[in-house]
Amino acid sequence: MINVAIIGTGNISPKHIEAYLKFPERCKIVALVDIYPEKAEAKAKEFNLTDVEIYDSHKALLDKEDLHLVSVCTPPYVHKEISVDFLNHGKNVLVEKPMAASLEECDAMIKAQKESGKLLAVIAQNRFRDSIMGLKQILDTDLIGKVLSAEVNSLWWRGRCYYDLWWRGTWEKEGGGCTLNHAVHHIDMINWMMGMPKKVSALVANVGHDNSEVEDLSVALLEYGNGAIGRITSSLVHHGEKQGLCFQGEKASINAPWEVYAYESESNGFPRENPELKNKIEDFYKSLKPLEYKEHAGEIENVLYALENGVQPLITAESGRNTIELITAIYKAGFSKSTVELPIQPDDNFYTVDGIMNNIKKFYEKTGNVENFENVKITVGSTY
């Protein structure tokens, strides 16, 4: 039995709790931690966790010998501290996105993981959707040919009061805006499917939230080593929240939400549909076995399997670091108004939190300071 603690019982914690409860024969939630213990107590009551222990600090659990796995669901600025503390005390860690606020912090977490020999996984639950897994499996074939361009729309909408929550809307506490905290999902996906780009250019702005230091809109262009081009739009000002991915190949394009198009050339260069190839891709997609567990449940099942069998999870710390590296490149390109080459080195100004803080722009002054919202309903993105 894998004993689990949830560190941080805010908006995202129910996703973890619900997922662990799907596997009662394999794991058990034994502790909830929050700096506001009443929030942890409310979660215990909501999910009928009758024998769970409540704490106001993660440090109270560091020496708990019968604790095997912790889910870190806190704001990003403490992900590194909490994760490293638990790894150094022999505990396995699953940390929510984003992995950390800087590459330096990611590397400290990876160092602690390697020295401890324990597991460190990062949440990127959208990989565990049938549509996203299907795209990846098609891209791993030659069905659409070489990918020529990729487009990612991480489009969300948040009201002005979203940034009234005490830790949101500052570079120090949140680590960034929509690029880091929302598009992190889609940036993980494009890295998984395309690999890391070689160069990045970007525009970064705050166009709709004048009570926040951080950006609410960014557009990045990616150059890959094989000549392909990518675009990522990250936004908190898009009504409709239409999120998706598109991969244009030499022979066809595939999209999430699922669409496929296949053209071949007329004698004058204009397009003619290629129904044979389109049907072949459709048939391949429909033949894929649906995932038994999806989203957070899918990733947490994968982590439990990794612990039970001594293997690596699908989404490793290195995957989480790659996501932070691309996000860091977007910030550097946007604020320096230059093209950034990857990889980012440890002597780069944007490698550390302090370096980032000294080189970004605070768009506005944060004005709101609400400890907790009464209405805890949240949206977690498209179903693709």
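A charge is taken to sit over a ring if NZ of Lys or CZ of Arg is within 6 Å of the ring centre and within 35 degrees of the ring normal. This legend set describes a predicted model, in which local features need pLDDT of at least 70, side-chain atom pairs count only at pLDDT 80 or more, and totals for chains, interfaces and linings use all residues. Residues are numbered from 1 along each chain as its sequence is written, and side-chain values use heavy atoms, with hydrogens and water left out.

**View 1. Charged side chains over the rings of Phe-23 and Tyr-162****.** The charged end of Arg-26 sits over the ring of Phe-23, at 5.4 Å from the ring centre. Arg-168 lies over the face of Tyr-162, 3.9 Å from the centre of that ring.

**View 2. The aromatic pair of Phe-23 and Tyr-293****.** The structure holds 7 aromatic pairs (ring centres of Phe, Tyr or the six-membered ring of Trp within 6.5 Å; planes under 30 degrees apart are stacked, over 60 edge-to-face, the rest tilted). In this pair the ring centres are 4.8 Å apart and the planes stand at 70°, so Phe-23 and Tyr-293 are edge-to-face. The pair links distant parts of the chain, 270 residues apart: Phe-23 is in the loop between helix 1 (13-21) and strand 2 (27-33), and Tyr-293 in the loop between helix 9 (275-287) and helix 10 (295-309). Helices (H or I, at least four residues) and strands (E, at least two) are DSSP runs numbered from the N terminus. Phe-23 is buried at 4% relative accessible area, whereas Tyr-293 is partly exposed at 27% (buried is under 20%, exposed over 50%, partly exposed in between; 1.4 Å probe, protein chains only).

**View 3. The stacked pair of Trp-258 and Tyr-285****.** The centres of these two rings are 3.7 Å apart, with 0° between the planes. Trp-258 is in the loop between strand 12 (252-256) and strand 13 (259-265), and Tyr-285 is in helix 9, 27 residues apart. Trp-258 is partly exposed, with a relative accessible area of 21%; Tyr-285, at 18%, is buried.

**View 4. An aromatic cluster****.** Trp-171, Tyr-331, Phe-335 and Phe-363 form one cluster.

**View 5. Strand 5 and the strands paired with it****.** Strand 5 (residues 92-95) is covered on both faces: Asn-92 and Leu-94 on one side, and Val-93 and Val-95 on the other, are all buried. In a regular strand the side chains alternate between the two faces of the sheet. Strand 4 (residues 69-72) pairs with strand 5 in the parallel sense over 4 bridges (pairing needs at least two DSSP bridges between the strands). Val-93 in strand 5 is the bridge partner of Val-70. Strand 6 (residues 120-122) also runs parallel to strand 5, joined by 3 bridges, and Val-122 in strand 6 stands opposite Val-95.

**View 6. Two β-α-β crossovers through strand 5****.** Strand 4, helix 3 (residues 79-88) and strand 5 make a right-handed unit (with the strands pointing away from the viewer, the path from the first strand over the helix to the second runs clockwise). From strand 5 the chain passes through helix 4 (residues 103-116) to strand 6, and this crossover is right-handed.

**View 7. The chain as the setting for the close-ups.** The chain has 12 helices and 15 strands. Buried residues make up 55% of its 384 residues. The C-alpha atoms fill a box of roughly 70 × 50 × 40 Å along the principal axes.
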